[in-house]
Every structure is written in structure tokens, then in C-alpha cells.
Amino acid sequence: MRQIILDTETTGLEWRKGNRVVEIGCVELVERRPTGRTWHQYIHPERAFEPGAQEVTGLTLEFLADKPRFAAIADEFLEFVDGAELVIHNAQFDIGFLDHELSLLDGRGAMADRCGVLDTLLLARERFPGQRNSLDALCKRLGVDNSHRQLHGALLDAQILAEVYLALTSGQDELGFAAPRDETRPRRSAHAPARPSGPRPRVQPTAEELQLHLLRVRALAARSGNDPWGVGVA
């Protein structure tokens with residue numbers, strides 16, 4: 001399964017008021033593992049920022065003056081995300097802006113024509129009802145380091161959201177040991193019979209898997225300041 005963690009920055013909060021996209025950041029996951037592939041672009045918005053929006057992003061029209069218009073990068077962006085599931089925090093906001101940008105071009109359609117969408121804000125509200133579920137709040141709650149996030153930036157926020165999404169939705173997968181999904185096998189329904197009881201066959205981890213696990217546990221110990229496993233702080 002191919003997923004694209006996506007974030008945008010804009011000139012204001014409402015595309016209906018003519019606000020535009022100024023930055024797009026994407027991080028690729030395949031079978032819930034980062035591939036190292038990213039896509040990032042600053043965009044000239046062809047209009048001024050609304051009051052407050054510039055302070056949030058730290059971007060200026062002077063900085064964006066020599067950046068391409070959305071029309072010039074649209075095909076490259078769509079090629080990168082085509083066929084993937086988009087993972088977005090508060091997806092209604094970003095998809096609304098992207099659909100608006102595409103509507104200004106001929107023949108590009110809408111994002112839903114090319115991609116599925118998973119909204120991590122809705123996932124967070126289901127898991128943590130009644131609590132603050134901003135990206136910063138989720139980082140604190142789930143132990144994701146966002147200390148380097150001084151301003152909103154699309155690629156940085158997408159990278160942070162990738163960690164938040166994996167922590168929000170995974171158990172063992174968060175440690176990077178998720179097995180690739182075989183899409184040809186039927187998924188077990190919630191009403192399927194339980195697996196037979198009895199001892200399971202012992203699986204011996206490889207040396208590489210053991211080393212990755214040790215590094216992860218040491219990182220968790222360093223982050224928490226506690227080392228209950230006695231592995232030493234990384």
C-alpha cells in the first residue's frame with residue numbers, strides 16, 4: 001500500500017476568499033515504511049498573504065517571487081501522488097485548497113479523482129475524544145519529537161505527521177517491523193472464527209532486526225529519560 005503524508009501552507013484560511021497554496025510537502029510510505037522519497041515545492045501565490053498567515057509560515061512574497069506558479073508544477077505534483085492514499089491532518093482544509101488550485105486549470109479534475117484520503121484529525125478524535133488533537137498536541141501525547149518545529153513548514157510538518165500517524169495507528173508497526181501486506185489474500189473480517197489455540201511456532205529474528213530493535217529501544221529510553229530495560233541511553 002502506497003501512502004503520501006501531505007501538508008500545505010497557504011496565504012490564508014479560506015480558499016473561497018481567493019487564498020492560494022504557497023508550499024506543498026509530501027513524504028512517501030510504502031507498507032507503512034518511509035521510503036526516503038519526498039516531494040517539496042514552494043509556490044508563488046499570485047496574491048498577498050492575509051494578516052497573520054505570513055507569521056505562521058515565515059514565508060514572504062519576496063522569498064516566493066522567483067518560485068513557480070501552481071500551474072507550472074501541477075503535473076509533477078499529481079504524478080507524485082497519483083494512485084496513493086493521502087494522509088492529511090484536517091484533510092478538508094488541504095484538499096479544499098488543492099481542489100481550488102486544480103479548478104483554475106483545465107482538465108486536471110479533483111484530488112478525489114486520483115487519490116484516497118485518510119484524515120488523521122478524525123482518527124485522533126476517535127482515539128482521544130474531548131481532547132486537543134492539533135499536531136503539536138498529538139506529538140506531546142504520542143512522544144513524537146517536534147522541538148525543531150518553530151514555524152509551520154509543509155515538508156517538516158509532513159515528516160512529523162508521518163511519525164504521528166504511525167504512532168497513532170500502529171503497535172509493532174511503529175518499530176518498523178511491519179510485514180508487507182499481501183493484497184491478494186482476503187482480509188479477516190471482524191466476525192471470522194478465532195485462530196486455533198495452542199503454541200505458535202517460534203520465529204527467530206535476524207541479527208539486523210535485533211540491532212534495529214535495540215536502537216529503537218535505546219532511542220525511546222533517551223527520549224523518556226528512563227531506562228527500565230537496561231539497554232543504555234543512545
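Student: Why does Cys26 count as buried?

Tutor: In this predicted model, where local features need pLDDT of at least 70, side-chain atom pairs count only at pLDDT 80 or more, and totals for chains, interfaces and linings use all residues, Cys26 has 0% relative accessibility; buried means under 20% relative accessible area, exposed over 50% and partly exposed in between, with a 1.4 Å probe and protein chains only, so Cys26 is buried. Residues are numbered from 1 along each chain as its sequence is written, and side-chain values use heavy atoms, with hydrogens and water left out.

Student: What makes Lys67 buried?

Tutor: Its relative accessible area is 17%, which is set against the limit of under 20%, so Lys67 is buried.

Student: Which side chain does the side chain of Lys67 join in a polar contact?

Tutor: That of Asp66, at 2.9 Å; a polar contact is a pair of N or O atoms within 3.5 Å, where within protein one must be able to donate a hydrogen and the other to accept it, and residues adjacent in sequence count only if both atoms are side-chain atoms.

Student: Which residues does Lys67 contact, leaving aside its neighbours within four places in sequence?

Tutor: With contact meaning heavy atoms within 4.5 Å, Lys67 is in contact with Tyr42, Ile43 and His44.
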